[in-house]
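Please consider the sequence and the three-dimensional model shown below. The paragraphs that follow lead through them step by step.

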Amino acid sequence: MAMSYRLVYWPGLPGRGEFVRLVLEEAGVAYEDTAAGEPQDAIQAVMTVLSSEVGAPPLAPPVLQVGSLQLAQSGNICEFVAATHGLVPLDEGPRALARQLQATVVDLVAEAHNTHHPVDPGKYYEDQRVEALAAAKSFREERMPKFLGYFERVLAANSGDWLLGAAFSYPDLALFQVVEGLRHAFPLASERVLTDLPAVTAHHARVAARPRIAAYLASERRQPFTEHGIFRRYPELDG
Ligand SMILES: N[C@@H](CCC(=O)N[C@@H](CS)C(=O)NCC(=O)O)C(=O)O
């Protein structure tokens, strides 16, 4: 029986919702995306799921509603969809490795976000610009090379095209999206780092060329990065 998927996420930014969208798109399944509707309706949809009291209510979006099931945490959602649609091996060993790789991307996403919100995620960037300069310097010089260098080592250590080797899996989509985001937010710094990372660069191009992903990227469903999301282009933070 076909599952009915409803992605609930903020309007106007790809954000963490994008990691889920990419898995749904690669799976080739139909889904409703609340962010594609009127902004006030999309915000209301987020508020409604956050105030729900059944099961384990979500703390923050993205949220995926699958029938009566309501799932949060982007990596958890991605794994659920991937396991249902053949985008991760079901053997517990490789499946756990996929979780590890996805969690590492989630960590990198959080660190990228912290560059512009190093003090308080609830306050404006303009209120923490001085601290953001220092956080971004450390991110550009230490953390981004460390994380992307890790993925370079993973790709170089296995014999296939993908993070798990021969088997494509959902963290491949996550690595693709975080590289997209870093290229948007830190065009100069990311290119400096990626110059020394041929496996990550080639992997990014391979994911973009997958037929369903290429079709999605060319569609109106793919949203541009904006100044409201995780990956913001503030030239002063790019060094
Ligand atoms: N670890 C969570 C983070 C969720 C998260 O921070 N969501 C953001 C939007 S991308 C949000 O709305 N946060 C509200 C908050 O933290 O209060 C995930 O990966 O899904």
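**Strands, ligand site and helices**

In strand 3 (residues 63-66), Val-63 and Gln-65 point one way while Leu-64 and Val-66 point the other way, and all are buried. Buried here means under 20% relative accessible area, exposed means over 50%, and partly exposed lies in between, with a 1.4 Å probe and protein chains only. Helices (H or I, at least four residues) and strands (E, at least two) are DSSP runs, numbered from the N terminus. In a regular strand the side chains alternate between the two faces of the sheet.

This is a predicted model, in which local features need pLDDT of at least 70 and side-chain atom pairs count only at pLDDT 80 or more, whereas totals for chains, interfaces and linings use all residues. Residues are numbered from 1 along each chain as its sequence is written, and side-chain values use heavy atoms, with hydrogens and water left out.

The ligand comes next. Which residues surround the ligand? They are Tyr-9, Trp-10, Arg-16, Ala-60, Pro-61, Pro-62, Gln-73 and Ser-74, each with a heavy atom within 4 Å of the ligand. Polar contacts are pairs of N or O atoms within 3.5 Å; within protein, one must be able to donate a hydrogen and the other to accept it, and residues adjacent in sequence count only if both atoms are side-chain atoms. A polar side-chain atom of Trp-10 lies 2.8 Å from an oxygen atom of the ligand. For Arg-16, an N or O atom in the side chain is 3.2 Å from an oxygen atom of the ligand. Gln-73 places a polar side-chain atom 2.7 Å from a nitrogen atom of the ligand.

Tyr-9, one of the residues around the ligand, belongs to the loop between strand 1 and helix 1 (17-27). Tyr-9 counts as buried because its relative accessible area is 4%. Its side chain reaches the backbone nitrogen of Arg-16 at 3.0 Å. Leaving out residues up to four places away in sequence, Tyr-9 touches residues including Thr-34, Ala-42, Val-46, Pro-61 and Pro-62, where contact means heavy atoms within 4.5 Å. Tyr-9 and Ala-60 are 51 residues apart along the chain, and their C-alpha atoms are separated by 9.1 Å.

Ser-51 lies in the loop between helix 2 (39-50) and strand 3. Is Ser-51 buried or partly exposed? Ser-51 is partly exposed, because its relative accessible area is 48%. A polar atom of its side chain lies 3.1 Å from the backbone oxygen of Thr-48.

Helix 3 (residues 74-84) has buried residues, among them Ser-74, Ile-77, Cys-78 and Val-81. The buried residues of this helix pack against strand 1, helix 1, strand 3, strand 4, helix 4 and helix 6. Just after helix 3, Gly-86 takes a positive phi of about 75°. Arg-95 lies in helix 4 and is classed as buried because its relative accessible area is 19%. Apart from neighbours within four places in sequence, Arg-95 is in contact with Glu-79, Ala-83, Val-88, Pro-89 and Leu-90.

Helix 5 (residues 129-157) has 29 residues and reaches 39 Å from its first C-alpha to its last, close to the 42 Å expected at 1.5 Å a residue; the expected span is 1.5 Å times one less than the number of residues. Helix 5 bends by about 50° at Phe-139, the bend being the angle between axes fitted to the seven residues ending there and the seven starting there. Its buried residues include Ala-132, Phe-139, Arg-140, Phe-147 and Leu-155. Among the elements covering the buried residues of helix 5 are helix 4 (92-116), helix 6 (170-185), helix 7 (187-195) and helix 8 (198-208).
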